[in-house]
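Please keep the sequence and the three-dimensional view open while reading the points below.

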Amino acid sequence: MATRFHIHTEPGRGTLAAADLTAPTPTRSRTGDADTAAEGYFCLPAAGEQVSGDALAVAAGIGRRDVLVVDGLGHGHDAAIAARAATGSFHTSLGLPLVDAMRSIHQGITGTRGAAVALLRISPSTVEFCGVGNVHALVHDGTGDHHLLSRPGIVGRGGALVPAVQRRPLTGPATIVVHTDGVHGQPLPATEIVPSLSPTLLAARLIQRHRQPRDDATVLVLTTGGTA
Ligand SMILES: [Mn+2]
């Protein structure tokens with residue numbers, strides 16, 4: 001039996017519906033904002049492909065979530081190998097500052113075709129972002145909409161990487177959207193972020209409206225309760 005059911009309909013645009021099936025004792029109570037910290041995502045392969053060369057991971061720790069969104073160069077099997085290698089390196093570098101975690105992923109996937117990578121560390125009061133290549137992130141909170149900027153480059157290719165971290169304080173509840181360039185080639189316009197939707201429905205709405213079928217497509221939506 002579903003524990004939550006969400007439905008959203010717009011005239012002429014169809015209906016989105018999602019059912020959540022959750023275990024009786026959610027592990028997310030460890031994050032410190034148990035009632036409002038949630039995630040929803042879609043990760044789809046390019047049209048005609050069996051596997052997606054994008055991947056994502058969310059690791060919940062004490063008072064924070066660590067997030068990876070990776071877009072293996074191109075699409076298909078070899079892109080998926082790069083994305084899987086990045087996911088493995090992400091999990092072994094969870095305790096590190098984001099810049100060091102990015103460098104560790106860079107080393108870990110050298111020899112693959114390379115990837116665009118975004119790392120986020122989200123607590124109720126702050127979001128940190130470290131991105132290299134075309135993965136976009138946007139924070140919507142009470143103060144407005146804020147794009148988080150990636151540096152150009154390819155993780156796993158070439159010499160030393162020079163990643164940088166952007167920090168944003170969060171004032172109250174926030175909705176954070178991270179997406180690869182298979183969902184809108186550019187950063188999504190802030191007007192597309194509808195924070196009243198559940199994370200799963202918002203992710204569904206974004207991928208339904210903005211997916212570019214020739215590429216793998218990933219959108220991840222995270223909500224946070226803030227410090228209030
Ligand atoms: Mn892509």
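In this predicted model, five strands form an open sheet in the order β3-β12-β11-β8-β9, and their pairing is antiparallel. The edges of this sheet are β3 (38-44) and β9 (144-148), each of which pairs on one side only. On average, and with direction ignored, neighbouring strands of the sheet are turned by 15° against each other.

**The sheet and the helix on it**

- Helix α3 packs on the sheet, where it touches β3, β11 and β12, and its direction makes about 30° with that of β3.
- Strand β8 (residues 135-141) runs antiparallel to β9 and is joined to β9 by five bridges.
- Within this part of the sheet, V139 stands opposite H146 of β9.
- As a general point, the strands of a sheet pair through backbone hydrogen bonds, in either a parallel or an antiparallel manner.

**The manganese site**

- The manganese ion has D71, D181 and D215 as its protein donors, each through OD, and they lie 2.2 Å from the ion.
- Along the chain, these donors follow the spacing D-x109-D-x33-D.
- D181 is partly exposed, with a relative accessible area of 21%, whereas D215 has a relative accessible area of 18% and is buried; the two fall into separate classes because buried means under 20%.

- In helix α2 (residues 98-108), the buried residues are L98, V99, A101, M102, I105 and H106.
- These residues cover an arc of only 160° around the axis, which puts them on the same side of α2.
- Leaving aside residues up to four places away in sequence, S89 touches S104, I105 and G108, and I105 is itself one of the buried residues of α2.

- When residues up to four places away in sequence are not counted, G114 touches G72, L73, A82, I109, I154, V155 and R157.
- From C-alpha to C-alpha, G114 and V70 are 9.9 Å apart in space, although 44 residues separate their positions in sequence.

**The protein as a whole**

- The protein contains three helices and 12 strands.
- Its radius of gyration is 17 Å, close to the 17 Å that the globule rule gives for 228 residues, so the protein is as compact as a globular protein of that length.
- Taken along the principal axes, the C-alpha atoms fill a box of roughly 45 × 40 × 35 Å.
- Of the 228 residues, 49% count as buried.
- Among contacts between residues at least 6 apart in sequence, 67% join residues at least 24 apart.

Key. Residues are numbered from 1 along each chain as its sequence is written. This is a predicted model: local features need pLDDT of at least 70, side-chain atom pairs count only at pLDDT 80 or more; totals for chains, interfaces and linings use all residues. Side-chain values use heavy atoms; hydrogens and water are left out. Buried means under 20% relative accessible area, exposed over 50%, partly exposed in between (1.4 Å probe, protein chains only). Helices (H or I, at least four residues) and strands (E, at least two) are DSSP runs, numbered from the N terminus. The arc is that of the directions from the helix axis to the C-beta atoms. Donors are N, O and S atoms within 2.8 Å of the metal (3.2 Å for Na, K and Ca); water is not among the atoms, so sites may look incomplete. Two strands pair if DSSP finds at least two bridges between them. Axes are lines fitted to C-alpha atoms, for helices over the stretch in contact, and angles run from 0 to 180 degrees between N-to-C directions. Contact means heavy atoms within 4.5 Å. The radius of gyration is taken over C-alpha atoms; the globule rule is 2.2 Å times the number of residues to the power 0.38.
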